[in-house]
Amino acid sequence: MQVIPTALPGVLMLEPTVFRDERGVFFESFNQRAFDEAVGQHVLFVQDNHSCSKRGVLRGLHYQLPPNAQGKLVRVVRGRAFDVAVDIRRGSPTFGRWLGVTLDAESPRQLWIPTGFAHGFIALDDDTAFLYKTTAFYAKECERSILWSDPDLAIEWPEVGATPLLAPRDAAAPGMAQADLF
């Protein structure tokens with residue numbers, strides 16, 4: 001597995017080795033030992049989530065506060081998505097900065113988003129299937145959102161031909177200045 005650091009320390013792009021032949025492809029989508037080595041610590045995943053979205057659906061920016069803060073290992077297995085991580089750790093040298101990458105089914109690339117980051121994505125194709133592993137169980141009392149279009153963050157979301165389709169809670173999320181953060 002190739003480990004590619006990003007502009008946000010701790011957020012890593014992981015590229016599994018892919019074996020291709022006339023039958024198709026094979027790769028390890030997850031290996032605990034290789035993952036722990038890549039991130040420099042043992043990480044226990046407790047939940048896998050799967051969402052399917054049509055083009056223009058924007059999910060996020062989501063996170064959970066302690067004691068149920070979640071790290072996420074994310075990938076796209078069908079379609080394409082623009083995936084975003086935002087550093088929401090007060091005191092971090094990259095506090096308030098965001099990173100955006102396109103993930104797609106043609107590449108087995110995965111993004112590791114540790115605790116202390118908000119996460120969101122927009123589906124760029126119909127029927128985009130997004131998988132992610134989390135390090136903590138879902139806990140409604142700890143879940144939070146930040147407004148996807150917060151002008152202070154100035155995330156450069158790709159155009160999808162219309163206003164993104166949002167869940168009501170995402171449309172009503174506070175800006176980062178009003179949000180509960182790490």
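This briefing describes the nonpolar cores, aromatic pairs, pockets and cavity of the structure shown above. The model is a predicted one, and every value below was computed from it. The largest nonpolar core has 22 residues, the largest pocket holds about 390 Å³ of space, and the count of cavities of 30 Å³ or more comes to one.

**Nonpolar cores**

- Within the largest nonpolar core, which has 22 residues, those with the most contacts inside the core are L61, Y63, V86, I88, I146 and W157.
- Two or more residues of this core come from each of the strands β6 (58–64), β8 (80–87) and β11 (117–123).

**Surroundings of W157 and I122**

- When neighbours within four places in sequence are left aside, W157 is in contact with L58, L61, F82, V84, G120, F121, I122 and W148.
- I122 has its place in strand β11, and this residue counts as buried because its relative accessibility is 0%, where the cut-off for buried is under 20%.
- Beyond residues up to four places away in sequence, I122 touches G56, V57, L58, R80, A81, F82, W157, P158, V160 and P164.
- I122 and T102 are 20 residues apart along the chain, and their C-alpha atoms are separated by 9.6 Å.

**Aromatic pairs**

- The count of aromatic pairs comes to ten, and one of them is the edge-to-face pair of F82 and W157, with 6.1 Å centre to centre and 75° between the planes.
- F82 belongs to strand β8 whereas W157 sits in the loop between β13 and α2, so this pair ties together parts that are 75 residues apart in sequence; both F82 and W157 are buried.
- F121 and F130 form a stacked pair, with 3.9 Å centre to centre and 5° between the planes, and both of these residues are buried.
- A cluster made up of F30, F35, F45 and W112 is linked by ring pairs.

**Largest pocket**

- The largest pocket, with about 390 Å³ of space, is lined by 24 residues, of which R59, H62, K72, Y132 and R169 lie nearest its centre.
- At least two lining residues are supplied by each of β5 (47–53), β6, β11, β13 (143–145) and α2 (168–171), and the largest share, six residues, comes from β6.
- By class, the lining of the largest pocket divides into nine nonpolar, nine polar and six charged residues.

**Second largest pocket**

- The second largest pocket has about 160 Å³ of space, and among its 13 lining residues M1, P16, E28, F30 and N31 lie nearest the centre.
- Eight nonpolar, four polar and one charged residues make up the lining of the second largest pocket.

- The largest cavity has about 40 Å³ of space and is lined by H62, Y63, Q64, Q70, K72, I113, F117 and H119.
- Both β6 and β11 give two or more residues to the lining of the largest cavity, and β6 gives the most, with three residues.
- The lining of the largest cavity has three nonpolar, four polar and one charged residues.

Key
Residues are numbered from 1 along each chain as its sequence is written. This is a predicted model: local features need pLDDT of at least 70, side-chain atom pairs count only at pLDDT 80 or more; totals for chains, interfaces and linings use all residues. Side-chain values use heavy atoms; hydrogens and water are left out. A nonpolar core is a set of buried Ala, Val, Leu, Ile, Met, Phe, Trp, Tyr and Cys residues joined through side-chain atoms within 4.5 Å. Buried means under 20% relative accessible area, exposed over 50%, partly exposed in between (1.4 Å probe, protein chains only). Helices (H or I, at least four residues) and strands (E, at least two) are DSSP runs, numbered from the N terminus. Contact means heavy atoms within 4.5 Å. On a 1 Å grid over the protein atoms alone, a cavity is a set of points where a 1.4 Å probe fits but cannot get out, and a pocket is an open set with protein on both sides within 12 Å along at least five of seven lines; lining residues have an atom within 4 Å of a point. Grid points are joined across faces, edges and corners, and a volume is the space filled by probe spheres set on the points. Ala, Val, Leu, Ile, Met, Phe, Trp, Tyr, Cys and Pro count as nonpolar, Asp, Glu, Lys and Arg as charged, and the others, Gly among them, as polar. Rings of Phe, Tyr and Trp (its six-membered ring) pair if their centres lie within 6.5 Å; planes under 30 degrees apart count as stacked, over 60 as edge-to-face and the rest as tilted.
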